[in-house]
Amino acid sequence: MLRPLQEAILARGDEACWFLEGDEVDPSFLKASERQLKTVSEVKAWMPDAVLVPGNVVPSFIPGVKVGVFHGFNAGKVNRRGRQDHFEIRDCFDLYCTQGPDTTLPFIELAKKNATFKVAETGWAMLDPMYKQGADNPYYIEGDKRPTVLFCSTFSRNLSCADIVYDQIKAMSCKGNWRWLVQFHPKMSPEIIEKYKALQNENLTFIETDNVLPLLQSADVMLCDTSSVLLMFLLQGKPVVTFRNQNPSSHLLNVEKLDEIEPAIEKALSRPAELIAQIESYCEQIHPYRDGLSSERVLAAVDSMIDNGTADLKVKPANLIRHLKMRKKLGYWKLF
């Protein structure tokens, strides 16, 4: 997710290091050439100018400008407070690098209200490789002309359709008229992951990867629920069939019943002109950048904030409980 930014940082002669927090991040995915800082003390000693974070929070005791670069698009998920989680301000960031007008405008309004951060519309750096000519895709099979359906699902129990649609996917994969690729969020229930792994056959492959872009490129249609990964798929101009999506819209083929899934996929594969037009219109709102240069725009916005400073921003609320939790999680209690 952050590698396009790392590539842009290194290309201009600067340094980049990784700090991985939590059991959900697997350090084995790091390459031999990538440097990992393993403790908060190491991070503080390295003294970063900026900290680029795809998550929701970052500790205040880590030095550098705190930059939110997002781990996905706004999929419309509503949190326990009844608010859209994508726009929840947790008083951690100095700068939000937004993806397109759909997210920029709400964040600008929040910036006016809070006055503790700035907003720059840059596009989402993670997608840069999707708009550039890459290496051979590992998920293409030479000679297999069948349409490819990619099934993805969110880990949120109240939104995930993975368990519900299992029997339908099993039946459809046995027909053999389509090739199936299945990939889930790393936080997906291990029991569900094992069920789908056991389902693998000559027509269905379960994929575990830290880079979903080749998967998105290799499929003709996606089957999903309310996961933000579907928005990345749409940005290729490809149709998405959703099952009980929380925010069904005209750019999606949403179904509510299990027996509607297969006909909807067949319709999506025909690429109806009206649907494709709706997808294009929607994509202009969520991510109009197709040049593969969002990383450079993020770095330009970060440079501007470093050069101009943050003195014009209000001091962030202390949020002592949240920061104490972060200190406990990271095992860091030093004041400096």
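# Sheet, rings and salt bridges

User: Which way do strands β5 and β6 run, and how many bridges join them?
Analyst: Strand β5 (residues 148–153) and strand β6 (residues 179–184) run parallel, joined by six bridges. Strands here are DSSP E runs of at least two residues, and helices are H or I runs of at least four, both numbered from the N terminus. Two strands pair if DSSP finds at least two bridges between them.

User: What kind of model is this?
Analyst: This is a predicted model, where local features need pLDDT of at least 70, side-chain atom pairs count only at pLDDT 80 or more, and totals for chains, interfaces and linings use all residues. Residues are numbered from 1 along each chain as its sequence is written, and side-chain values use heavy atoms, with hydrogens and water left out.

User: Back to β6. What is the bridge partner of L150 there?
Analyst: L181 is the partner of L150.

User: In what order do the six strands of the sheet come?
Analyst: The order is β7-β6-β5-β8-β9-β10, in an open sheet with parallel pairing. The edge strands, each pairing on one side only, are β7 and β10 (253–255). From one strand to the next, the twist averages 20°.

User: Which strands does helix α8 touch?
Analyst: Helix α8 (residues 261–269) packs on the sheet and touches β5, β6, β8 (221–224), β9 (240–243) and β10. Contact means heavy atoms within 4.5 Å. The direction of α8 makes about 175° with that of β10. Axes are lines fitted to C-alpha atoms, for helices over the stretch in contact, and angles run from 0 to 180 degrees between N-to-C directions.

User: New topic. How many aromatic pairs does the structure hold?
Analyst: It holds 14. One of them is F87 with F107, tilted, at 5.2 Å centre to centre and 50° between the planes. Rings of Phe, Tyr and Trp (its six-membered ring) pair if their centres lie within 6.5 Å; planes under 30 degrees apart are stacked, over 60 edge-to-face, and the rest tilted.

User: Where do F87 and F107 sit in the chain?
Analyst: F87 is in the loop between β2 (65–68) and β3 (95–98), while F107 is in helix α3 (residues 101–114). They are 20 residues apart.

User: Is F107 buried or exposed?
Analyst: F107 is buried, at 0% relative accessible area. F87 is also buried, at 16%. Buried means under 20%, exposed over 50%, and partly exposed in between (1.4 Å probe, protein chains only).

User: Which residues do ring pairs link into a cluster?
Analyst: F70, F87, F93, Y96, F107 and F117.

User: What lies over the face of Y166?
Analyst: K195 does, at 4.3 Å from the ring centre. A charge sits over a ring if NZ of Lys or CZ of Arg is within 6 Å of the centre and within 35 degrees of the ring normal.

User: And how many salt bridges?
Analyst: There are 17. A salt bridge puts a side-chain nitrogen of Lys or Arg within 4 Å of a carboxyl oxygen of Asp or Glu.

User: Which residue does K118 bridge to?
Analyst: D312, with the closest N and O atoms 3.0 Å apart. K118 is in strand β4 (residues 118–121), and D312 is in the loop between α10 (294–308) and α11 (320–330), 194 residues apart. K118 is partly exposed at 28%, whereas D312 is exposed at 54%.

User: What about R12?
Analyst: R12 bridges to D14, the closest N and O atoms being 2.7 Å apart. R12 is partly exposed at 41%, and D14 is partly exposed at 34%.
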